[in-house]
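Please look at the sequence and the structure first.

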Amino acid sequence: MSVLVCGGAGYIGSHNVRALLDRGEGVVVLDNLWTGHRESLPGSVPFYEGDVRDAALLDRILSEHPVESVIHFCACSLVGESVEQPLRYFNNNVYGMQVLLEAMERHGLDKIVFSSSAAVYGEPRRVPILEDDETAPTNPYGETKRTMERMMHWVGLRHGIRYVSLRYFNVAGAREDGSIGEDHRNETHLVPIILQVPLSRRTHVTVYGDDYPTPDGTCIRDYVHISDLADAHLRALDHLRAGGEGGIFNLGSGAGYSVREMIEAARAATGHAIPVEVGPRRAGDPARLVADSTRAREVLGWVPRVTRMEDIVATAWNWHRTHPNGYGG
Ligand code: NAD
Ligand code: UFG
């Protein structure tokens, strides 16, 4: 039997594909390579270059492979871009989910694990954030993720599909063996941006605001290592396979680190000086986002292992220093 991994050539998807293969699962990948990389996947993995919104292609894949569950990573996922192009986000993310759920229904598939985001919470009323806290997205990206969760809920009630929605907080790092890592052409994430300094691709890091109500004035986030994230997906699949009812789970390490603390961790991990300039705040950045992941611990038995920021950054650095141009060589 196989797991269909939609968006499996992306940063998080490719790490999950390796984790599935490591434990002997059959895997089929569908990805349109908008932001993903064919090179991030072993050549032996069945790969379909195409769009999750293509119902005929989904029918073909599901008739050619004995798929028993789906992990869905496909999305447009840049917050700023989503504000500029909301309909592109609704089309790719929400309509993509519709076409996928319709195909699952047609082919009798009843298990899906989904990439949600802390962006569904918007500006939180309290931290750490619990899954049942209010969701009030402050941008179209977060709105699409919330809508996709609601679609799975209602379709599940009607058609018996069970889902696990994993609300990732800040994902960082790379596979420990350095074989794959994060390569977003339009990079917005803090850790890879910091590491562009020791790679001589930028002279300094611009800190987006140091006047937040936090101890050092910079924003606090909850960074979760990509390998721990992959482990959570395996546990989510196991949970659904065992007949678990699924639901929504936060995934974070449970501790918050400021932008300045992450830069310090990168100095320690790389041994390089990392000059900093303080710039204006980035619109829409909450001061503090920290997950309460107790539910994932209790229901899925998930315990994040790589929780020292130096260690998370070190795995990212191991990838970037050996692949300074990402998958481009
Ligand atoms: P990514 O852009 O590297 O991966 C997304 C993959 O989906 C890419 O390979 C892309 O080519 C593919 N894709 C997009 N639209 C598609 C479509 N219509 N048909 C087929 N393939 C399509 O992003 P990522 O960082 O790996 O994120 C993966 C998922 O996790 C996304 O859903 C994202 O919203 C979510 N997420 C990411 C983070 C993070 O910190 N990176 C945090 C929270 C949630
Ligand atoms: N930051 C900087 N300078 C940079 C880049 C980032 O100071 O050059 C800061 C940001 O202001 C933020 C922190 O570093 O305070 C982390 O920023 P990222 O862009 O790496 O991550 P976000 O916290 O903005 O994004 C995460 C997830 C998104 C999700 C969002 C919800 O990656 O998927 O949380 O707010 F939408």
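What percentage of the 329 residues of the protein chain count as buried? The share is 57%, where buried means under 20% relative accessible area with a 1.4 Å probe, protein chains only. The model is predicted, with local features needing pLDDT of at least 70, side-chain atom pairs counting only at pLDDT 80 or more, and totals for chains, interfaces and linings using all residues. Residues are numbered from 1 along each chain as its sequence is written, and side-chain values use heavy atoms, without hydrogens and water.

**Overall build**
- The protein chain has ten helices and 13 strands, taken as DSSP runs (H or I, at least four residues, for helices; E, at least two, for strands) and numbered from the N terminus.
- The radius of gyration, taken over C-alpha atoms, is 19 Å, close to the 20 Å of the globule rule for 329 residues, so the protein chain is as compact as a globular protein of that length.
- That rule is 2.2 Å times the number of residues to the power 0.38.
- The C-alpha trace spans about 55 × 45 × 40 Å along its principal axes.

**Helix 8 and helix 10**
- Helix 8 (residues 259-270) packs against helix 10 (residues 309-322) at an angle of about 60°, and their axes are 8 Å apart.
- The contact (heavy atoms within 4.5 Å) involves residues including M262 and T270 of helix 8 and E310 and W317 of helix 10.

Technical notes:
Chains lettered and ligands numbered in written order. Axes fitted to C-alpha atoms, helices over the stretch in contact; angles between N-to-C directions. Buried < 20%, exposed > 50% of the residue type's maximum accessible area, 1.4 Å probe, protein only.
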